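Please open the model in your viewer and keep the sequence beside it, so that each selection can be followed step by step.

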Amino acid sequence: MRGRLQGVEVIARDWIGLMVEVVESPNENEVGIKGEVVDETQNTLKIMTEKGLKVVAKSGRTFRVWYKCKIMRIKGDLINFRPEDRIKRGLMLLKRAKGVWI
């Protein structure tokens, strides 16, 4: 159960500052983009790579995320919301997973 809770935790937080890598994308040129998230909108992540700033859509992509010394795969469709709305939804899911119903 702990692994599942960490997955909800990463969805329920701000992604700015996280290290991410695009592992699946309909655009083959995006696969392998790796770096730190410097900004996030409803539909995109702005990732600072060694080669500069890259803007990647969330929808239809899968990201490898480094969070709390763990590496997780997160589907972009799970985070394809405005950050503030996603955080609220994620916190509700986290509370439900821990048995605290709101």
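Begin by selecting Glu21, which lies in strand β1, residues 19–24 (strands are DSSP runs of E with at least two residues, helices runs of H or I with at least four, numbered from the N terminus). The model is a predicted one, in which local features need pLDDT of at least 70 and side-chain atom pairs count only at pLDDT 80 or more, while totals for chains, interfaces and linings use all residues. Residues are numbered from 1 along each chain as its sequence is written, and side-chain values use heavy atoms, with hydrogens and water left out.

Is Glu21 buried or exposed? Glu21 has a relative accessible area of 15% and is therefore buried (buried means under 20%, exposed over 50%, partly exposed in between, with a 1.4 Å probe and protein chains only). Apart from neighbours within four places in sequence, Glu21 is in contact with residues including Gly32, Thr62, Phe63 and Trp66, where contact means heavy atoms within 4.5 Å.

Next, select Trp15 together with Phe63. These rings have their centres 6.4 Å apart and their planes at 80°, so the pair is edge-to-face (rings of Phe, Tyr and Trp, the last by its six-membered ring, pair if their centres lie within 6.5 Å; planes under 30 degrees apart count as stacked, over 60 as edge-to-face and the rest as tilted). Trp15 sits in the loop between α1 (2–11) and β1, whereas Phe63 belongs to strand β5 (residues 62–67), so that the pair links distant parts of the chain, 48 residues apart. Trp15 is buried at a relative accessible area of 0%, and Phe63 also counts as buried, at 0%.

Finally, select Leu53 in strand β4, residues 52–57, which is partly exposed with a relative accessible area of 48%.
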